[in-house]
Amino acid sequence: MKWVTLISLIFLFSFAASRNLKRVARDSEHKSEIAHRYNDLKEETFKAVTLVTFAQYLQKCSYEGLSKLVKDVVDLAQKCVANEDAPECTKSLPSIFLDEICQVEKLRDSYGAMADCCGKADPERNECFLSFKVQQPDFIQPYQRPASDVICKEYQDSREALLGHFIYAVARRNPFLYAPAILSLAADYEHALQSCCKEADVGACLDAKAAAIKEKAKKISLKHKYSCGILKKFGERVFQADKLAFLSQKYPKAPLAELRKVIGDVKGIYKECCEGDMVECMDDRAELVNYVCSKHDVFSSKIKGCCEKPLVERSQCIMEAEFDDKPEDLPSLVERYIHDKEVCKHFEPDHSLFMSEFLYEYSRRHPDFSTQLLLRVAKGYETLLEKCCKTDNPAECYGSAEEELKKHVKETQDVVKVNCDLLAAHGEPDFLKAILIRYTKKMPQVSTDTLLEIGKKMTSVGVKCCQLPEDRRLPCSEGHLSIVIQEMCKRQETTPINDQVAHCCSDSYAYRRPCFTALGTDEKYVPPPFDPEVFNFDEKLCTAAPAEREAGQMKLLVNLIKRKPQMTEEQIKTISDGFTAMVDKCCKQANIETCFGEEGANLIVQSRATLGIGV
């Protein structure tokens with residue numbers, strides 16, 4: 001049986017069942033879903049979340065155009081509150097929103113093939129619309145903030161409209177950002193206005209706070225998109241196992257039973273958010289946050305302040321709260337899971353429950369590990385028990401568990417140490433160069449620009465994480481690398497790279513990063529013919545900004561490796577030194593172009609000779 005079906009099998013039944021029972025009860029209690037949600041959220045929040053929903057689907061639509069659609073839905077909600085038995089009030093919320101979108105005049109003129117989605121039945125219709133969402137699309141112009149005196153007066157005179165425009169601007173640029181997060185950002189923006197409009201230099205104050213809000217939006221959106229991708233790719237069981245590992249780290253004092261309740265709800269809420277059902281997402285998130293806050297002392301000592309904030313700020317505050325301190329009296333797991341001679345008697349009757357308890361106990365003791373590493377450790381232990389419990393002397397067999405599990409930990413710690421040491425010793429340019437060499441060999445089919453983009457993102461992860469204290473480096477590094485890898489794997493789905501990349505992307509969520517780390521040169525790759533035009537040298541190498549010159553050198557390196565992925569470090573150094581010498585020489589000449597023409601041709605000849613590439 002594949003590991004994804006093992007560690008969290010219990011989640012699918014206990015968590016999903018509790019959520020489904022709650023939904024069945026709720027749906028039978030409320031004849032009209034839209035009326036129920038309107039009553040829960042109240043008018044202002046319901047209107048805001050409705051605006052988010054339309055702005056994320058109809059990214060080209062003006063604020064005024066969307067306001068009409070919002071009014072239609074709010075009017076319907078108010079009608080249904082008055083009479084839940086009205087025929088149009090029994091429809092699901094997604095159907096109500098999509099029906100409204102499909103009635104937009106000239107939808108095809110503005111959105112082209114997206115209009116074809118209207119011909120599909122639900123839920124395929126929604127899946128179709130979701131596929132047209134574009135992160136930070138080019139057709140949206142950069143946001144222009146009104147002048148300082150104007151914006152402060154607008155806030156004073158027309159608060160709702162000003163915040164509405166902010167919500168609209170954020171939502172259409174970030175179609176994967178959940179409504180609760182967008183409303184939290186709107187609250188941050190309002191606090192910024194309240195604070196800055198009292199300052200002497202309103203503009204400077206708002207510039208600083210707006211930059212922080214923009215960065216926060218980008219970060220949250222990236223995480224949301226990643227979570228949706230994992231849920232869709234690997235399913236509910238893996239998603240919930242990952243959340244159990246994380247919440248056990250964050251709330252190490254919380255009982256497992258409480259975490260199970262939360263994870264069941266979290267899975268349902270993510271599903272709603274990922275499917276664009278922002279009204280239900282907002283309402284159910286609020287319900288969950290209220291539950292956690294009602295037991296804040298049970299979950300964590302770090303969230304009491306969050307629970308005192310207004311509802312729209314509470315959720316994001318809890319998500320951003322620090323990990324709680326570990327209980328001081330946690331016993332060693334060795335006695336219970338390794339030295340106990342009766343482990344198989346606990347493991348075999350309720351396999352999934354036993355493994356979820358192990359994952360919980362191990363995770364709450366290791367906030368210094370990534371969730372992916374925690375899942376690998378759990379899988380390693382599970383595999384060992386499956387083998388040992390079939391032997392004549394199981395206790396002797398699984399007595400080696402501690403050493404086996406340490407192998408997973410050591411592999412990850414070694415990867416982090418090697419890369420952080422490389423970055424510290426040689427700096428960002430050489431670190432990027434090393435990443436490009438590794439990944440061009442692993443997947444030479446990827447375009448040069450995309451490889452450079454991936455390399456820069458991985459370098460940013462190194463810069464961000466390697467400066468952290470030792471106990472935060474590993475979860476930071478593997479957590480952020482997992483997001484970069486997920487983006488890479490998403491591209492692999494539409495533009496296949498090679499078989500080994502496809503295997504790493506699809507085989508196992510927990511083993512994705514080690515799989516990519518272990519990849520060697522793609523032996524099936526057939527290099528394209530040597531094309532001198534790819535290696536074009538001109539005076540820009542002398543006049544361009546340092547970053548642009550460096551990018552040019554990196555692209556040259558990538559293009560060379562694409563011609564011979566098996567090239568050695570020594571060959572790379574020989575060619576790189578030749579390139580540097582050529583640039584140094586030609587940039588000092590009176591006729592730069594002539595020099596590059598001659599020296600460039602010589603470098604190409606020398607490079608081909610070094611690599612053993614024929615004419």
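How many of the 615 residues of the protein chain count as buried? The share is 51%, where buried means under 20% relative accessible area, exposed over 50%, and partly exposed in between (1.4 Å probe, protein chains only). This is a predicted model, in which local features need pLDDT of at least 70 and side-chain atom pairs count only at pLDDT 80 or more, while totals for chains, interfaces and linings use all residues. Residues are numbered from 1 along each chain as its sequence is written, and side-chain values use heavy atoms, with hydrogens and water left out.

Start with the overall build. The protein chain has 29 helices and zero strands. Helices (H or I, at least four residues) and strands (E, at least two) are DSSP runs, numbered from the N terminus. Along the principal axes, the C-alpha atoms fill a box of roughly 85 × 75 × 55 Å.

Contacts come next. Of those with a separation of 6 or more, 73% are between residues 24 or more positions apart. Contact here means heavy atoms within 4.5 Å.

Now the surface. The accessible area of the protein chain is about 29300 Å², and 54% of it belongs to carbon and sulfur atoms. The areas come from the Shrake-Rupley method with a 1.4 Å probe; for residues, only the protein chains shown count as cover.

Turn to charge. The chain carries 86 positive and 95 negative charges, and their mean positions are 1 Å apart. Lys and Arg count as positive, Asp and Glu as negative; His and the chain ends are not counted. Each charge is placed at NZ of Lys, CZ of Arg, CG of Asp or CD of Glu.

Side chains of opposite charge can pair when their charged atoms come close. The whole structure holds 43 salt bridges, each a side-chain nitrogen of Lys or Arg within 4 Å of a carboxyl oxygen of Asp or Glu. One joins R159 to E44, with the closest N and O atoms 3.4 Å apart. R159 lies in helix α8 (residues 159-173) and E44 in helix α2 (residues 33-57), so this pair ties together parts 115 residues apart in sequence. R159 is partly exposed, at 32% relative accessible area.

A second bridge pairs K253 with D324 at 3.9 Å between the closest N and O atoms. K253 sits in the loop between α10 (202-250) and α11 (256-274), and D324 in the loop between α15 (311-320) and α16 (333-339), 71 residues apart. K253 is partly exposed at 42%, whereas D324 is buried at 6%.

K585 and E599 meet at 2.9 Å, N to O. This bridge links helix α28 (residues 569-586) to helix α29 (residues 592-611), its partners being 14 residues apart. Shared partners also join E33, R37, E280, D283 and D284 into one network of salt bridges.

Finally, the backbone. Most residues other than glycine have a negative phi, and most peptide bonds are trans. The bond from D122 to P123 is cis, with omega near 5°. P123 is in the loop between α5 (107-111) and α6 (124-130). K42 has a positive phi, near 70°, and is found in helix α2. K106 also has a positive phi, near 55°, but is found in the loop between α4 (93-102) and α5. K42 is exposed at 54% relative accessible area, and K106 is exposed at 61%.
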